[in-house]
Amino acid sequence: MEPRENALKMNDLRLRKIAEQLREARISGLDIPVSEQQYRYTSLQLAYAVLRKYLLSKPNQYLVEIVLTVISGVVFLVGLFFQNEVIVGISLVLLILPLLSVLTKIMKNAPASLFNSRFLMSFKEQFIHPWERIHGILPGRITADEIAALRLAQLPPQQVRAVLVSPIVDILDCLRANNLPQKLGIALIDPNQLTEHDEAIIALLRSHPRMPLLMLHDACATDYVLLTLLPKKWGLASHHRIVDLGLHPRHVQRLRPLWKRETPSKELLDLFEFQMSNGLALTTEERAWLRKGYTVSALFIPPAKWVVMVSKAVERLAPKPVVDPEVEAQAQARAVGFMSWPSSLERH
């Protein structure tokens, strides 16, 4: 990849480095205990990781223009004070130059344009495919074939200890690839694409109001409204055990470059206000932030953070799985090489 030919200044080595950081949870500011575990991620999560690094590490690209504007203003005031037309003229020229420079930078490389879905959807074709044609699969990336297979491997209802619902399919795929359903006994549901298996899990929730229902979403008014309406839509008890993992506005207050602003419809704002009056757990500042149409995608949060957060929530809230002592003994025996135990003893 030629850095001069793309807005992110991306090359082969930089893309591999970011992929390895995602896999090994070596992300600045990420509160993850050091371990040997390696994490899996989707192509879209890699795209957001690249974009996050670009936006948060980008220095103030308008510093020179700001300084020139201040100097121009001072010169202009001096010219007016001494009534010197030449000085006033020079100051106006100096004022126009930084404005033209800012406009040029915005046209050539506007960070806001990188937020659009077209860019993010084309990331795989523009960056991942060229890299993998030469070097093979990026470290830790989940392939499309793996995702398809993982979606088919559903957890039986009798093994479910908790349920997580999220409209963000890439995070659900990430959790599957990191083996959370089997490891924790957690069922994963996309509320926008319910399957027969999902319906069975929802029925299980109805009959088990103490079973934890975890919610994971973007920091935006739309997702808050969608997920807070689900319990009633699914016929869950009013006292059902629901845990909102975020993403919350308070989690991203210091990440200003990642904010995107949209224009929420009146219907959405009315629903949001109604949900707030029904006990939506947000601070006054967070509610104001959401009303203004600000949004931050949960995909900006590194995969390892969600894996650890969901794991801790399930272990803290869900009942411990009941393990048959004989089954556990057999598993331990197999782990040390006694593959035929205890069937070999039964023959005697």
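Predicted model: local features only at pLDDT ≥ 70, side-chain atom pairs only at ≥ 80, totals over all residues.
**From the nonpolar cores to an aromatic cluster**

Among the 70 residues that make up the largest nonpolar core, those touching the most other members are L46, L164, I186, L214 and V310. The greatest contribution to this core comes from helix α2, spanning residues 43–57, which supplies nine residues.

When neighbours within four places in sequence are left aside, I186 is in contact with L155, A162, V163, L164, L180, P181, L214, V310 and V314.

The protein as a whole gives the setting for these details. It has 15 helices and six strands, and 44% of its 348 residues count as buried. Among contacts with a separation of 6 or more, 76% are between residues 24 or more positions apart. The accessible surface amounts to about 19,800 Å², and carbon and sulfur atoms account for 60% of that area.

Not counting residues up to four places away in sequence, G246 touches M215, L216, H217 and W306. The C-alpha atom of G246 also lies 7.0 Å from that of A219, although 27 residues along the chain separate the two.

Attention may now turn to helix α12, which comprises residues 284–291 and has E286, W289 and L290 as its buried residues. Viewed down the axis of α12, these buried residues fall within an arc of 95°, and therefore they line one face of the helix. Because an α-helix has 3.6 residues a turn, residues three or four places apart point the same way. The exposed residues T284 and E285 are carried on the face of α12 that is turned away from the buried side. Just after the helix, G293 adopts a positive phi of about 90°.

In the whole structure, a search finds five aromatic pairs. One of them is formed by W259 and W289, with an edge-to-face arrangement, 5.4 Å from centre to centre and 80° between the planes. W259 is located in the loop between β4 (242–246) and β5 (260–261), while W289 is in helix α12, so this pair ties together parts that are 30 residues apart in sequence. Both partners lie below the 20% limit for burial: W259 counts as buried because its relative accessibility is 14%, and W289 is buried with a relative accessible area of 5%.

W259 also pairs with Y294, and here the arrangement is tilted, with 5.1 Å between the centres and 55° between the planes. This pair likewise links distant parts of the chain, for W259 is in the loop between β4 and β5 and Y294 is in strand β6 (residues 294–295), 35 residues apart. With a relative accessible area of 13%, Y294 is buried as well. Together, W259, W289 and Y294 form one aromatic cluster. A charged group accompanies the ring of Y294: the charged end of R261 sits over that ring, 4.9 Å from its centre.

Terms used
Residues numbered from 1 in each chain as written. Heavy atoms only, no water. Buried < 20%, exposed > 50% of the residue type's maximum accessible area, 1.4 Å probe, protein only. Helix = DSSP H or I, 4+ residues; strand = E, 2+ residues; numbered from the N terminus. Arc of directions from axis to C-beta. Phe/Tyr/Trp six-rings, centres within 6.5 Å; stacked < 30°, edge-to-face > 60°. Lys NZ or Arg CZ within 6 Å of the ring centre and 35° of its normal. Contact = heavy atoms within 4.5 Å. Areas by Shrake-Rupley, 256 points an atom, 1.4 Å probe, with all protein chains shown as cover. Core = buried A, V, L, I, M, F, W, Y, C linked by side-chain atoms within 4.5 Å.
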